[in-house]
Amino acid sequence: MSINLTTPEAQIRENRLSSITGYKGSIKDLATQAGGCSLKSGERGFTQTTACSLGCAQGQLVLIKDAAVVGHSAIGCGSDTIQSNINNRRGQFSRELEYTNINYINTNMTEEATVFGGAAKLREGIREAYRRFNPKVIFVTTSCVSGIIGENISGILEGLAEEIPVPLVPVHCEGFRSKLWASGFDAAFHAILTYIVKPAEKKNPNLINIINFSGIGRKEVVRLLGRLGLVPQFLVQFTTVDQLSKISEAAATLSFCGTLGSYLASGLEEHFGVPYIKSLQPHGIAGINSWLRELGKVLGREEEVEKLIEEETAAIASELEELREKLNGKRVVIGMGPSFSQNYTRLLQELALEVVWAASWHFDQRHDYGEIPATILDLAKNEKDIPACVSELQVHEINNLLRQLKPDLFVCRHPGMAIWSAKLGIPTIFINDEYQSFGYQGLINFGNRVADTLANPTFVQYLASKIKLPYTNWWLEQDAFTFLGEAPPKKKERITKAVV
Amino acid sequence: MAKAAKKIKVIEQVRYSCALAALHSVLAIDRAVPILHAGPGCGQRLSTALSTTNGYQGTGYAGGHAMPCTNSTEAEVIFGGEKKLKELITHSLEVMDADLYVVLTGCTADIVGDDSTEVARGFQKQGKPVVCAQTGGFSGNNFVGHELILGAIIDQYLQPSEEIEPGLVNVFSIVPYYDAFWTGNLEEIRKLLEAIGLKANIIFGPGGGVNALNKIPKAQFNLLLSPWIGLTNVQQLEEKFKTPYLHYPVLPIGPTETSKFLRAIGKYAGLPSEQVEASIAELEKPYDYYIERSADYLLQARVGLPSRFITISDSFYALGISKFLVNDLGLLPGTQFIIDNIPAKYQADLEKEFKDLSPTISAPVVFTNDSGTIREKLRETKFRGKPLILGSAWDQMIAKELNGYQLSVSFPVADRFILNSTYIGYNGALRLAEDIFSVLVSSNY
Ligand code: SF4
C-alpha cells in the first residue's frame with residue numbers, strides 16, 4: 001500500500017483500503033477477516049441518507065486560515081459551509097482569535113452550466129476568491145454536477161496559473177464516487193500533500209504533528225507533550241498555509257483518529273520522512289499509553305514516557321476506581337466512525353461498562369501504511385468477543401438494534417445520530433469534541449459525564465413517552481439487518497443511460 | 001432605484017440553498033416522508049443547513065438521516081438509477097410510517113436523466129400515496145423547489161371536491177424551515193385569519209398534514225401571502241379546481257400593515273366590514289399597550305438608536321420588516337438587499353413597494369445573492385451613527401466592521417435558538433421590537 005502523489009486524485013477508500021459499509025458479525029470476526037479478500041461489503045435494499053466526500057473535504061479545507069475554497073457545484077452543495085462557519089467561530093473562540101467568516105465561494109452551477117459547462121463560472125469564482133480574500137492558496141472542490149458533466153478542472157486551473165499568483169489546487173471529492181465519506185478527507189489531504197507540503201529544509205526534533213478535527217481541547221495535549229519537551233502542532237484546521245508547507249519538519253505525526261489521519265500521516269511518512277506513530281488513539285488509558293509509548297520509541301524517549309505514564313496514571317487512580325464502581329456493568333451500545341468506535345469500545349470497558357454492541361459507520365480493512373488498524377487487533381485480543389456491525393448511518397438499523405438490546409446508554413458520534421436513540425428513551429452521549437476523553441484526565445471527565453447522563457434520564461424518557469418513531473410496526477418487528485444482504489456478485493449491466 | 005451591481009454570478013456565503021433543500025417543505029407536512037433520489041451527501045448537508053444551522057430546528061419526525069435515499073453512486077450515474085429508486089420506494093412504503101411519500105430528485109438523478117416521475121407514477125397507479133418532484137439542485141433554489149413540491153402534490157395527489165366550504169382559506173406563504181420562524185409565523189397567520197372570522201387551512205406545521213392537503217380543493221379561496229413564491233401554485237389550483245386566489249405580497253408586521261392586510265382579506269372574502277373592524281380594534285389593543293410602555297425608551301434612548309436599518313433577506317421578510325420599522329416605529333431605511341433571486345418579472349413590483357414604503361420615505365434596493373457584493377456596497381456607504389443590520393449570522397462580521405447592531409432574522413439564523421417565536425402581525429411586531437432593542441440595550445453604546 002502506498003500513497004501515490006503523482007496522480008491528480010486520491011483513490012477512493014473502497015479501492016485503496018478495501019473499506020466496507022455493510023456488515024454484521026463481531027469484533028473478532030472483523031479483525032480476522034480484515035486485510036484479506038474475504039470481507040465484502042453487504043448491500044442494502046433499503047437505505048437512508050448518508051454523507052459524502054465533499055462535506056469531509058470542504059470541512060477541512062475551509063478552516064485553513066489563509067486559504068480560500070471555491071466550491072464548483074450547484075448552490076446546495078455549499079450549504080454545509082454554514083456549519084463550517086460555526087466550527088470556525090468555535091475554534092476562533094477557543095484560541096482567542098479574532099472572529100472572521102470562512103473564505104468560501106460557490107460557483108452556483110445552474111442548468112446552463114450542466115449543458116454548456118461551468119468553466120466561465122469557475123474562473124470567475126477563482127478570480128473573485130483571489131480578489132476578495134487575498135488567500136495564499138485556492139482550493140477548488142468538485143461535486144456531483146462538475147463530475148458528471150466531466151468538467152476539465154485541471155485544464156481550467158492551468159489556464160489561470162499565469163494570472164493568479166497563488167497555487168490553484170483541485171480537490172477531487174465528487175459525492176457519487178465513493179460510499180465512504182471519509183474518502184473526502186483523503187481528497188483534501190492529497191491536495192495538501194501534493195501542492196502545499198514542501199520537503200523539510202531542516203528537521204525540528206521537538207515538533208509533533210497532531211492530526212485532529214477542530215482541536216477545541218488541545219490544551220491537555222500541549223501540557224502532556226510539553227512534559228516530554230515536545231511541541232504539538234494541530235492539523236489541519238486553523239493552520240496557515242505557511243505552517244502546512246512545513247509540516248514535513250516535524251519529528252513525528254500522531255493522529256486522534258485513525259480514520260481521519262491515515263492518508264496524511266502515511267503520506268508524510270512515505271514521501272517526507274516524518275514517522276507516523278501507528279498506535280492506538282489516545283482515548284482512555286490504554287490508548288494514551290500506546291500513543292505515548294510508540295512516540296517515545298520513535299523519538300528514543302522511552303524512559304521519560306514511562307515516568308510520565310506512571311505519574312499521570314497514579315494521579316487519577318482513585319477517581320477512576322470510584323467511577324468504575326459506579327458504572328460497573330452498565331450496558332452500552334456504540335455507534336461512531338470506525339476509529340472512534342474501536343477506541344471507545346476499549347475506553348468504555350476501562351470504565352467497567354459492558355459494551356454489548358459496537359456499530360461503526362464504515363470499516364477500513366487496512367490503513368494506508370498497509371496494516372490492519374491497530375485498534376481492532378487490540379480489541380480482538382480480548383477474551384470476550386463483542387457483536388459488531390458496519391452500518392453506514394442507517395438509523396433504521398440502529399433503531400431496531402437498540403430496541404432489541406435495550407442498553408443503559410448509547411454513545412455516538414456523527415451529527416444527527418443522537419436523536420434516534422433518545423427517542424427510544426435511551427440515555428445518549430454525543431461525542432462532538434474529539435478531545436472529550438483525551439488521556440488520563442479526559443477519561444475521568446468522560447466517566448463523570450457518563451455518570452451524569454445516567455443520573456437524570458428524564459429528558460429522553462419524556463421524549464420516548466410522547467414521540468413516535470417514523471417506522472411502521474412491521475419494520476419495528478423485523479431483525480435490524482433485514483435489508484443488509486450479502487455483497488452482490490459484480491454484475492455486468494447494460495449501459496442504459498448515456499452520461500452527459 | 002435598484003442599482004445593477006456588477007453582475008456577479010458566483011455566490012459568497014450561502015443565503016439560500018438548492019431546489020432539493022425544499023425537502024423541508026415535505027418534512028413540514030405532518031406524517032409526510034421525503035424519499036430522496038440523490039447523491040449520498042445531499043440529505044445530510046441540506047438538513048444541516050436548513051434545520052440545524054438555522055435556528056436549531058432539528059430533524060423532526062423523519063428528517064436527517066431517517067430520510068430514505070438512493071445515495072446514488074457511480075453505478076447509478078453510469079447505468080441510471082430508476083431500478084434502484086423503484087426498489088427504494090417499495091421498501092420505504094413498508095418501513096416508513098407515513099400518509100404521503102414525496103420523491104425528490106437531486107442533481108445526479110436529473111443530470112443522468114432518470115424518469116423519476118414515471119417511477120412514482122407506477123406506485124400511484126397501485127393507489128399508493130406517492131408523488132414525485134424533480135428538484136435537481138442545479139435547476140433552482142429552495143424557493144423554486146418549494147413550488148415544485150407543492151406543484152407535484154397538487155398535480156399528482158389532490159382530488160377535486162364536491163362542495164366548497166365558505167370561509168375556508170388555504171394559506172400559501174412562509175417557506176418552512178428556510179424561515180426559522182416558520183411555525184410561529186404560520187400559527188400567527190392562522191390566528192389573524194380566525195380573528196376576523198375565516199377558517200385558515202394551513203398545510204405545514206402542527207395541525208396541518210394530509211388532512212389539510214385533502215381540504216385544499218374545498219376552499220372558498222386561496223391566499224398567497226408572499227411576493228412571488230407560491231404564485232405558480234395558486235394559479236395551478238385555479239386551473240385545476242377553479243379556486244380563486246388573492247395575491248397579497250406584503251408580509252404583515254405591525255399594526256399598519258396587519259390591519260391593512262386584514263381589511264384586504266376581509267373584503268376579498270366578502271366579510272362584513274364592521275365585523276373586520278371590530279376584530280382589528282381588539283387585536284390592536286395589546287399592541288398599543290406595549291408600545292406606549294416602550295415609548296419612554298424609544299424617545300430617551302435616541303442617541304443609541306440605529307441611524308439606518310439595512311435588511312439582508314429574502315424579498316418577503318425585507319419588505320415586511322421595512323414597512324413595520326418605517327411606518328410604526330419611525331426608523332429610517334438604508335439599502336435593502338434582496339437575496340432570494342427573485343425572478344426579474346416580479347422585481348419591478350417589489351421595487352415599487354420599497355419606493356413607497358411610506359408617503360415620504362423610500363429605500364434603495366439591491367438584488368444580489370452574493371455577500372461579497374453586499375459587503376462592498378456597505379463599505380461604500382457613509383453611515384452617520386450606528387446602522388442596524390437585520391440579516392443572517394454571516395452578517396455579524398460586517399456589522400462589527402461598520403460598528404453597527406446586528407440581529408439574525410434571515411437564513412442562516414445560526415446564532416439563535418428558535419422555537420415558536422413569530423414576527424408576524426401585532427404580536428410578531430412586539431417580538432421583533434423586543435429582539436431588536438434587546439440587541440441595543442445589551443450593547444454599550
Ligand atoms: S446542489 Fe445538487 S448535489 Fe448539491 S445538495 Fe443540492 S441536489 Fe445535492
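## Domains, cavities and salt bridges in a predicted model

In this predicted model, chain B is assigned three domains, namely domain 1 (19-156), domain 2 (165-283) and domain 3 (298-442).

Reader: How many residues does the contact take from domain 2 of chain B?

Author: The C-alpha centres of domain 1 of chain B and domain 2 of chain B lie 27 Å apart. Of the residues in the contact, domain 1 of chain B gives 23, while the number taken from domain 2 of chain B is 24.

Reader: What area is buried between domain 1 of chain B and domain 2 of chain B, and which residues of domain 1 of chain B lose the most area?

Author: The size of an interface is often given as the accessible area lost when the parts come together. For domain 1 of chain B and domain 2 of chain B this buried area is about 2200 Å², with carbon and sulfur atoms giving 67% of it. Together accounting for 30% of what the side of domain 1 of chain B buries, the residues that lose the most area to domain 2 of chain B are F143(B), E147(B) and I154(B).

Reader: What area do domain 1 of chain A and domain 2 of chain A bury between them?

Author: Chain A is assigned domain 1 (52-180) and domain 2 (207-302), and their contact takes 16 residues from domain 1 of chain A and 14 residues from domain 2 of chain A. Carbon and sulfur atoms carry 59% of the area buried between these two domains, which comes to about 1300 Å².

Reader: How many salt bridges are counted between domain 1 of chain A and domain 2 of chain A?

Author: Side chains of opposite charge can pair when their charged atoms come close. Over all chains the count comes to 48 salt bridges, yet across the interface of domain 1 of chain B and domain 2 of chain B the rule finds zero. Between domain 1 of chain A and domain 2 of chain A the count is likewise zero.

Reader: Which residue forms a salt bridge with K136(A), and how many residues apart in sequence are the parts that the pair ties together?

Author: The partner of K136(A) is D66(A), and the closest N and O atoms of the pair are 3.6 Å apart. K136(A) lies in the loop between α6 (119-133) and β4 (137-141) of chain A, whereas D66(A) lies in the loop between α3 (53-61) and β2 (67-71) of chain A, so the parts tied together by this pair are apart in sequence by 70 residues.

Reader: What is the volume of the largest cavity, and which helix gives the most to its lining?

Author: The structure holds eight cavities of 30 Å³ or more, and the largest has a volume of about 150 Å³. Of the 21 residues that line this largest cavity, those closest to its centre are C77(A), C144(A), C42(B), R45(B) and C107(B). At least two lining residues come from each of α7 (144-148) of chain A and α2 (42-52) and α5 (107-112) of chain B, and the helix that gives the most, with three residues, is α2(B).

Reader: By class, how many residues in the lining of the largest cavity are charged?

Author: The lining of the largest cavity holds twelve nonpolar and eight polar residues, and its number of charged residues is one.

Reader: From which domains of chain B does the lining of the second largest cavity draw at least three residues each?

Author: About 130 Å³ of space lies in the second largest cavity, and of its 15 lining residues the closest to its centre are V175(B), Y178(B), D179(B), D314(B) and Y317(B). By class, the lining of the second largest cavity divides into ten nonpolar, three polar and two charged residues. The domains of chain B that each supply at least three residues of this lining are domain 2 (165-283) and domain 3 (298-442).

Methods: Residues numbered from 1 in each chain as written. Chains lettered and ligands numbered in written order. Predicted model: local features only at pLDDT ≥ 70, side-chain atom pairs only at ≥ 80, totals over all residues. Heavy atoms only, no water. 1 Å grid on protein atoms, 1.4 Å probe; cavity = no way out; pocket = protein on both sides within 12 Å on 5 of 7 lines; lining within 4 Å. Points joined across faces, edges and corners; volume = space filled by probe spheres on them. Helix = DSSP H or I, 4+ residues; strand = E, 2+ residues; numbered from the N terminus. Nonpolar A, V, L, I, M, F, W, Y, C, P; charged D, E, K, R; others polar. Domains from an automatic or database assignment. Contact = heavy atoms within 4.5 Å. Buried area = accessible area lost by both parts, 1.4 Å probe. Salt bridge = Lys/Arg side-chain N within 4 Å of Asp/Glu carboxyl O.
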